[in-house]
Amino acid sequence: MDKLTTDIAVIGGGVIGVATALRLRADGRDVVLIEPNKPGSGASYGNAGTIADYAIIPVGTPAVLKNLASLLLNSDSPLSIRKAALPTLFPWLMRFAYESLPHRYRDNTSRIADLLSDASSEWLELAAEIGASDLLSAKGCLYLYQTPEAFKAAASDVELRRNYGIAQQLLTPDEVQSLEPQLPRVHGGGLFFPKAINFTDPGQVMSVMEAAAKQAGVEFVRDSVTTISRERNGVRMMASAHSIHARAAVIAAGAHSRALARQLGERIPLDTERGYHLEFDMETPPVERPVCPTHHGFYFCPMRGRLRVAGTVELGGITAPSNPRRLEVLLANARRIFPTLGEPSRSWMGLRPSMPDSVPVIRPSKGGRDVVFAFGHGHIGLTLAPRTARMVSAILAA
């Protein structure tokens, strides 16, 4: 077994872990990053590629709570659950229901808004630092509403975002058509977020980040941490082929973070949302920016040489295989918008680490600042990676 000693060990090689390792190296810290797979190959690769600084509204809302049972038990809905996972997910669902109550929803929205307040500018800065600016597109993001009733029902969310200073523009059906001419006409209208930024290739962004981290001196260890414990002079992590001792550790292992936190005596209500995407290879995607048909709960994501259709939420745990039905529903709904879409070129399923309140866990562990938590980002992990890295850096420097 190889023995390693370092200043900081970062557990997890998704966008949060790699961004954190980069920031800590910039602080002059020696960093080892431990990840069993290719860095950035999970949810950091498979997402909608959107820096969603407008996404201040948590998954759990009073409206979702009102319809929770029908949503979860309908396998075709944007939010569903695998029935076999219901017994183990029940505690999380009860907490999710509580966090969806009006007073909790308002508080969670405020907390998320605070985290997202400068997310786009932080990404622009990081992209410039690592040479990835050409992989960013600043054409905004568009929500679609099929009916006037749906458009009217969104008014409260629009007002809420306005109260937090989110830039947004209400569009008529004609204005939607002018912005995205290849979309079929919607009768409700659209909501445009002009400052939203998207990645033209999230996987390539992760490859650039990994290369920048290695060039900066981050040591990457391909292994999986199974145990973590405190010692008198630091933190000990055991992996299948390595024993790592560090002065401090950052747990950024996404959906796999809960078990490690539990070993340190913390019961964190982290569970997993399973996300899916389909990709269609094409020279020119039919949309110029991320477009979300809100009724279906997914995004059309234009990327280099392909169109990605990504989204929806399935609660089903970590170990269950991909659910073919979710991919079938995603394909059927995508073809309702673009009927000429052919067969997908590829499909993907990945795990989003999800908290019941949609607020990520970014803080020192209760046992001390020698272990810092940075996980549970749900749908905003990509968006919050640079901000999370700065927060972890500040915690470790305190």
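Biologist: Into which domains is the protein chain divided?

Modeller: Domain bounds here come from an automatic or database domain assignment. The protein chain splits into domain 1 (2-43 + 204-269 + 359-397) and domain 2 (58-103 + 131-200 + 270-354). Their C-alpha centres are 29 Å apart. To the contact between them, domain 1 gives 19 residues and domain 2 gives 18 residues, where contact means heavy atoms within 4.5 Å.

Biologist: What should I know about the model before reading on?

Modeller: This is a predicted model, in which local features need pLDDT of at least 70, side-chain atom pairs count only at pLDDT 80 or more, and totals for chains, interfaces and linings use all residues. Residues are numbered from 1 along each chain as its sequence is written, and side-chain values use heavy atoms, with hydrogens and water left out.

Biologist: What does the UniProt annotation cover?

Modeller: UniProt positions are given in the numbering used here, feature names are shortened, and annotations may be inferred rather than shown by experiment. The unreviewed UniProt entry carries the annotation "domain: FAD dependent oxidoreductase" for residues 7-393. That span is 36% helix and 28% strand, and its end C-alpha atoms lie 13 Å apart. Helices (H or I, at least four residues) and strands (E, at least two) are DSSP runs, numbered from the N terminus.

Biologist: How do I read a nonpolar core, and which residues touch the most other members of the largest nonpolar core?

Modeller: In soluble globular proteins, nonpolar side chains tend to be buried together. A nonpolar core is a set of buried Ala, Val, Leu, Ile, Met, Phe, Trp, Tyr and Cys residues joined through side-chain atoms within 4.5 Å. Buried means under 20% relative accessible area, exposed over 50%, and partly exposed in between (1.4 Å probe, protein chains only). The largest nonpolar core has 66 residues, and Tyr-54, Trp-123, Tyr-143, Met-209 and Val-250 touch the most other members. Domain 1 and domain 2 each supply at least three residues to this core. A second, separate core of 25 residues includes Val-225, Met-237, Leu-260 and Val-371.

Biologist: Which residues does Tyr-143 touch?

Modeller: Leaving aside residues up to four places away in sequence, Tyr-143 touches Tyr-54, Arg-161, Gly-189, Gly-190, Leu-191, Phe-193, Cys-292, Thr-294 and Tyr-299.

Biologist: What is the order of strands in the open sheet of 3 strands?

Modeller: Two strands pair if DSSP finds at least two bridges between them. Here the order is S3-S9-S5, with antiparallel pairing. Strand S3 (50-51) and strand S5 (136-137) are at the edges with a single partner strand each, so one side of each has no neighbour in the sheet. S5 pairs with strand S9 (residues 197-199) over 2 bridges in the antiparallel sense, and Ser-137 stands opposite Asn-198 in S9.

Biologist: How many salt bridges does a search of the whole structure find?

Modeller: A salt bridge is a side-chain nitrogen of Lys or Arg within 4 Å of a carboxyl oxygen of Asp or Glu. The search finds 31. One of them joins Lys-38 and Glu-210, with the closest N and O atoms 3.3 Å apart. Lys-38 is in the loop between strand S2 (31-34) and helix H2 (43-46), and Glu-210 is in helix H11 (residues 202-216), so the pair ties together parts 172 residues apart in sequence. Lys-38 is partly exposed at 42% relative accessibility, whereas Glu-210 is buried at 10%.

Biologist: Where do Glu-159 and Arg-162 lie?

Modeller: Both are in helix H9 (residues 155-163), 3 residues apart, about one turn of the helix. Glu-159 is partly exposed at 36% relative accessible area, and Arg-162 is partly exposed at 44%.

Biologist: Are Arg-306 and Asp-201 buried or exposed?

Modeller: Both Arg-306 and Asp-201 are buried. They form a salt bridge, the closest N and O atoms being 3.5 Å apart. Salt bridges that share partners link Asp-201, Glu-279, Asp-281, Arg-306, Arg-308 and Arg-346 into one network.

Biologist: What is the phi of Ser-358?

Modeller: Most residues other than glycine have a negative phi. For Ser-358, phi is near 65 degrees, a positive value in a residue other than glycine. Ser-358 lies in the loop between strand S18 (346-354) and strand S19 (361-365) and is buried at 14% relative accessibility.
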